[in-house]
Amino acid sequence: MKKLFFVILLILGFFLTPTVSAQHLGQEKRAEAKITNLSKQVTVEVLTGADKGKEFTVTLFDQKQIASQKLRVGDTVIISSIVTPTGSNVVIVDHVRRTPLMVLFALFVGLVIIVGRRKGFLSFLGMLFSFALIGRFIVPQILLGNNPIFISMLGALFIIPVTFYIAHGISWKTTVAVVSTFLSLLITGILAVIFVHFAKLTGFAAEEAVFLQSMTGQTINLQTLLLGGIIIGAMGVLDDITISQTSIVAKLYKTNPKFSFKQLFAESMDIGRDHIASLVNTLILVYAGASLPLFVLFYGSTYQYSELVNMEIIATEIVRTLVSSIGIVAAVPITTVIACWYVMKQR
């Protein structure tokens, strides 16, 4: 889930930020350029920035690099140039991938709206609100040095009710789902705090850790950032489980209004258990898929299984997966109890 949030946030960033940008790190300049020649030497024509229209020869390049980076004449790439006394050293940093990402995003939005119709469109609006809040409030506040756990929970107080009511409408079922999600998220957050500290996870296992520390001057506590990420990631999955379980209770009660509280709870939980099985399996597979390079890396290593599990990079994913899964499982009885209590009260 955390990977989906991050991917969509990046794609939205392409729509919300200018396509032309240059970064200055000392004497370094970055710009977009088009490859004009790949024969005897690699040359590029700058498309953005102060050097727009100029051609440069790319340094430190050979045929192996051309093949490994899959470069073609006409490709748009990001270049980095460093001014030296003898001229500019220009290297290709990466490909410009806006077009395929924007096409994929458009396909995603189109399918959501076509299949989901009005609800699909409203859920898309809710998604935009979520990422606007993450990008405009949660991330800036964390960069200012505020506690990521507190900021993530505060953000959840706004994201959950707004997105739920936008996507599912104002009704008792949505209100029950909102309350249940808050309670389940609180349980997830408490367990995350306990086991991240208990397992002595520092947050430095993430590949972004070193970059974040150098960029922010060590103003961010990476351990609390890890906790904040667990909270935000669990929030999206809890939406599904709480809304579905509330609807199950409502449908069962409508089918048989003579159900007692105990009978309604038992019947709803019977269906909810199937939902638990599928969601927990989905969550584990999502994290396993995201960590597949790690599995491949360690498969042929000489490390023992007990040593691999002890590595922070592996232990972090285990804690993240199990804590989120516990929150999902707990959400089913919590939602069922609250929904059953409400319909019995209205009888």
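**Exercise 1. Classify Phe124: buried or exposed?**

Solution. Phe124 has a relative accessible area of 14%. Buried means under 20%, exposed over 50%, partly exposed in between (1.4 Å probe, protein chains only). Phe124 is therefore buried. This is a predicted model: local features need pLDDT of at least 70, side-chain atom pairs count only at pLDDT 80 or more, and totals for chains, interfaces and linings use all residues. Residues are numbered from 1 along each chain as its sequence is written, and side-chain values use heavy atoms, without hydrogens and water.

**Exercise 2. Describe the ring pair of Trp172 and Tyr342.**

Solution. Step one: take the geometry. The centres are 4.9 Å apart, with 15° between the planes. Step two: apply the cut-offs. Rings of Phe, Tyr and Trp (its six-membered ring) pair if their centres lie within 6.5 Å; planes under 30 degrees apart count as stacked, over 60 as edge-to-face and the rest as tilted. The pair is stacked. Step three: place the residues. Trp172 lies in helix α5 (residues 172–198) and Tyr342 in helix α11 (residues 312–345), so the pair ties together parts that are 170 residues apart in sequence. Helices are DSSP runs (H or I, at least four residues), numbered from the N terminus. Trp172 is partly exposed at 27%; Tyr342 is partly exposed at 25%.

Methods: Helix = DSSP H or I, 4+ residues; strand = E, 2+ residues; numbered from the N terminus.
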